[in-house]
Amino acid sequence: MKQLLNWFRRGQLESGLDRELQYHIDRRVSDLMLCGLPEWEARRQATLELGGLPQVREEVRDVWLSRWLRDFAYDLRFSARSFLRSRSFTATAVLSLALGIGATTAIYSLVNQVLLQALPVRQPERLVLIDWKGDQAANGFGSWNLMSYPICRDLQLQDRFFEGVLCRAATTVNLSIGGEPKPAAAEIVSGNYFSMLGVGPALGRVLGNDDDRTPGASPVVVLAYDFWRTQLAGAPDVLGSKVLVNQHPMTVVGVTAPAFRGIDVGEVPSLWIPAAMSAQAIPGFNDLLDRRTRWMQVLGRLRPDVSLAQAQVGLQPWFKAMLDEDTRRAGFPRITVERRQRFLASRIELTPAPQGHSSLRRRLSQPLWVLFAITAVLLGLACLNVAGLFLARGSARDREISTRLALGASRGRIGRQLLADSLLLALAGGARCGARPARLAQPHRVPASRCGR
Amino acid sequence: MPSARFPIPQGTLDMLILQILSLEPAHGYGIAQRLEQISQSVVQVNQGSLYPALHRLEQKKWLHAEWKQSETGREAKFYSLTSSGRKQLGIEKDSWARLSGAVRLIFDEGNR
């Protein structure tokens with residue numbers, strides 16, 4: 001790093017070295033002349049003793065900046081100049097690279113966000129989605145992998161396999177914070193949601209089991225960090241304040257940790273509401289305790305000593321017994337014999353869910369991979385295009401290269417020069433496409449600062 | 001003339017420079033002369049390698065360089081030892097003493 005700084009102050013270093021060496025020679029010459037040598041002879045000997053001034057300079061320069069870095073810097077400078085000379089070539093090459101790289105990075109960041117990134121929670125690799133395969137003989141609403149709240153509570157008792165089991169449902173509520181009600185994305189969650197995920201508060205507290213005991217008895221909400229920052233300007237006095245959720249007053253008890261945005265990349269919640277308050281959060285919903293209303297996704301955290309397959313096999317006997325018991329419960333719907341058989345043949349299925357649950361992911365995973373493959377091909381084409389351009393330019397540079405070879409440049413040296421060419425071009429292409437998203441990423445910053453005045 | 005003088009062993013030039021500068025700050029030519037005087041012309045320092053060494057030591061922050069008026073009235077670049085340079089000199093002296101002691105032991109063994 002220090003060496004790179006030396007490159008930028010090399011003019012100053014050079015003139016200092018010149019003065020230093022000049023002083024040495026002059027002193028040596030006058031000393032030798034005192035011994036009786038004629039001046040020209042003294043000057044010759046002084047230079048000889050140093051072993052030649054250019055050699056000394058070159059050696060000192062190697063100290064400032066190691067040889068290959070220095071050569072590389074010169075190569076880059078030369079490349080930049082030659083690119084500036086042939087502008088149309090440079091523009092074409094940079095543009096096609098920028099397009100290729102830009103498209104690939106854009107799609108990759110989407111793939112990464114939606115498909116690859118694990119949730120920012122404690123040990124996301126141990127999370128599994130618990131799903132009911134078969135007929136639940138139930139009504140319901142919501143998207144995928146749904147079960148009822150009481151069955152989730154039953155699953156929470158299976159602590160031979162799970163450290164914890166949470167259930168959640170995404171919904172939209174009318175939220176008013178001292179003003180007009182606005183629709184806000186909310187996540188209705190079981191009381192152990194935050195402790196099971198290992199997500200803490202940035203302010204106040206998160207929801208706990210006590211908030212999810214008696215239906216209607218715990219009117220509290222936790223706000224999402226981003227919502228709190230953008231909609232409430234990060235006001236610290238939000239704790240304890242009353243908000244209206246679908247006209248029901250509730251108390252803000254906390255704000256979640258900054259990185260946490262729920263467990264569904266497609267639906268980032270603005271607030272979390274305990275499942276006990278689901279009747280208030282979802283107008284007209286009174287089936288929290290109904291075993292045959294499927295509306296929540298259920299995620300479990302496997303115990304460290306239990307594998308997914310072990311848990312899946314181990315859960316089936318309990319599950320069969322529960323199915324059997326359910327058919328004898330009061331309120332079990334009247335269904336046909338075939339349907340009853342399908343119900344009894346259901347089984348429980350676990351799938352790894354380190355990225356949480358997402359209907360978006362479910363829908364988009366295949367198209368996204370296809371899109372990603374296409375952009376990769378596009379990048380390949382762009383590279384091919386640039387390679388062709390380089391080839392054409394190479395034959396035009398035949399003369400330059402043979403001149404340099406004739407002047408004594410080694411093949412390796414010329415190869416490095418050409419590599420520097422490609423590197424500079426690739427960097428330029430990357431920078432070209434990097435500059436745009438960076439500007440787009442902060443759209444509301446600029447006007448905000450203007451309004452501030 | 002050159003046959004009577006030893007070329008300076010690899011790696012000891014840095015140590016000698018540090019030692020000379022630990023007495024008082026000096027410029028490049030002064031260091032070259034002092035090396036010559038102190039070693040009574042036994043050790044031959046290639047003066048060309050003196051300047052790269054000085055710049056290397058300066059870059060390692062063992063030396064501090066400053067332009068000052070020299071004894072002839074002209075400006076010269078004076079080098080002085082920094083505190084980390086002083087520490088380094090201690091380390092190098094130590095390891096040199098251990099090395100030369102070990103070599104002597106081996107020679108003595110052969111003479112017995």
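1. Val103(B) sits in helix H4 of chain B, residues 83–111. Helices here are DSSP runs of H or I with at least four residues, strands are E runs of at least two, and both are numbered from the N terminus. Val103(B) is partly exposed at 35% relative accessible area (buried is under 20%, exposed over 50%, partly exposed in between; 1.4 Å probe, protein chains only).

2. The model is predicted: local features need pLDDT of at least 70, side-chain atom pairs count only at pLDDT 80 or more, and totals for chains, interfaces and linings use all residues. Residues are numbered from 1 along each chain as its sequence is written, chains are lettered from A in the order in which they are written, and side-chain values use heavy atoms, without hydrogens and water.

3. Now the interface. Chains B and A bury about 2100 Å² between them, 53% of it on carbon and sulfur atoms (accessible area lost on being put together, 1.4 Å probe, summed over both parts). In chain B, Tyr29(B), Tyr51(B) and Gln59(B) lose the most area to chain A, together 34% of what that side buries.

4. Salt bridges between chain B and chain A number 4 (Lys or Arg side-chain nitrogen within 4 Å of an Asp or Glu carboxyl oxygen). Glu75(B) and Arg19(A) form a salt bridge at 3.2 Å, N to O.

Key. Buried area = accessible area lost by both parts, 1.4 Å probe.
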